[in-house]
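Colleague: Could you walk me through this model? Start with any term I'll need for helix packing.

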Amino acid sequence: TWTIGIVVGLWVGTGDLRSAAFSPVLSSLFAIPLMVWYPLFVAWFGIGMSSKIALGFLGGLFPIALSSIAGTKMLEARYIQYCRSIGATRTQIFAKVLLPLAFPSIAAGLRIGTAIIVICVIFGEMVASTGGIGYWIAYNQALFDAPKVYAGITFSLICVASVDFILRKIEVRFMPVAMR
């Protein structure tokens with residue numbers, strides 16, 4: 001999800017026509033509640049892990065892509081013009097200017113998207129599954145076993161917090177020096 005979301009976001013964000021055409025579509029699709037998609041994924045992929053992966057993929061794709069688009073749109077055109085005037089290639093402009101300056105927005109999208117991915121997978125397991133942390137939470141909720149429900153929620157939070165911590169470290173490591 002991360003790679004596809006970033007690639008889609010950068011591709012859409014670097015073209016004015018693509019941005020005008022696809023940004024509203026991505027925003028509109030993101031506005032559809034993810035719970036609406038899940039019955040379709042169960043029908044298409046079955047009750048197994050594939051439907052949860054598809055829901056998580058879709059849930060994480062939109063915030064990552066939209067944040068990547070926003071990061072590329074924040075870049076002022078004069079930076080690109082300057083790079084072209086000194087003879088930089090498209091690859092150099094992308095690697096040395098666009099990606100570093102868009103990285104804070106991309107990293108924010110990754111953190112939000114990752115949290116939504118975990119939410120989607122746990123939701124999918126709670127609704128239609130025979131295993132996983134979401135199933136465990138739902139099963140113990142039906143038994144009114146609150147300590148086990150809270151343990152499952154705590155475990156989920158620890159997973160998301162761990163990924164968020166790692167992403168923050170990566171963000172600080174790769175953020176341009178001028179932006180720190």
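Modeller: A crossing is left-handed if the near helix is turned anticlockwise from the far one by less than a right angle, and right-handed if clockwise. Note that this is a predicted model: local features need pLDDT of at least 70, side-chain atom pairs count only at pLDDT 80 or more, and totals for chains, interfaces and linings use all residues. Residues are numbered from 1 along each chain as its sequence is written, and side-chain values use heavy atoms, with hydrogens and water left out.

Colleague: How many helices and strands does the protein have?

Modeller: Eight helices and zero strands. Helices (H or I, at least four residues) and strands (E, at least two) are DSSP runs, numbered from the N terminus. Along the sequence the pattern reads α-α-α-α-α-α-α-α.

Colleague: What box do the C-alpha atoms fill?

Modeller: Roughly 70 × 35 × 20 Å, taken along the principal axes. Of the 180 residues, 36% are buried. Buried means under 20% relative accessible area, exposed over 50%, and partly exposed in between (1.4 Å probe, protein chains only).

Colleague: Back to handedness. Which way does H2 pass H4?

Modeller: The crossing of H2 with H4 is left-handed. The axes of H2 (residues 16-31) and H4 come within 10 Å and cross at roughly 145 degrees. Axes are lines fitted to C-alpha atoms, for helices over the stretch in contact, and angles run from 0 to 180 degrees between N-to-C directions.

Colleague: Which residues in H2 and H4 meet?

Modeller: From H2, they include Leu 26, Leu 29 and Phe 30. Among the H4 partners are Phe 62, Leu 66 and Ile 69. Contact means heavy atoms within 4.5 Å. By class, this contact has eight nonpolar, four polar and two charged residues. Ala, Val, Leu, Ile, Met, Phe, Trp, Tyr, Cys and Pro count as nonpolar, Asp, Glu, Lys and Arg as charged, and the others, Gly among them, as polar.

Colleague: And H6 with H8, at what angle do they pack?

Modeller: About 165 degrees, for H6 (residues 90-127) and H8 (residues 146-174), with their axes 10 Å apart. H6 and H8 are therefore roughly antiparallel. Angles under 35 degrees count as roughly parallel, over 145 as roughly antiparallel, 65 to 115 as roughly perpendicular and the rest as oblique. H6 passes H8 in a right-handed crossing.

Colleague: Which residues touch the most other members in the largest nonpolar core?

Modeller: Leu 26, Trp 37, Phe 41, Leu 55 and Leu 58, out of 14 residues. A nonpolar core is a set of buried Ala, Val, Leu, Ile, Met, Phe, Trp, Tyr and Cys residues joined through side-chain atoms within 4.5 Å. H4 gives the most to this core, with six residues. Beyond its neighbours within four places in sequence, Phe 41 contacts Gly 46, Ser 51, Ala 54, Leu 55 and Leu 58.

Colleague: New topic, the loops. Is Leu 75 buried or exposed?

Modeller: Buried, with a relative accessible area of 13%. Leu 75 lies in the loop between H4 and H5 (77-85). Leaving aside neighbours within four places in sequence, Leu 75 is in contact with Ile 80, Val 97, Leu 98 and Leu 101.

Colleague: Where is Phe 144 found?

Modeller: In the loop between H7 (133-142) and H8. Phe 144 is exposed, with a relative accessible area of 77%. Phe 144 also has a positive phi of about 60 degrees, although it is not a glycine. Most residues other than glycine have a negative phi.
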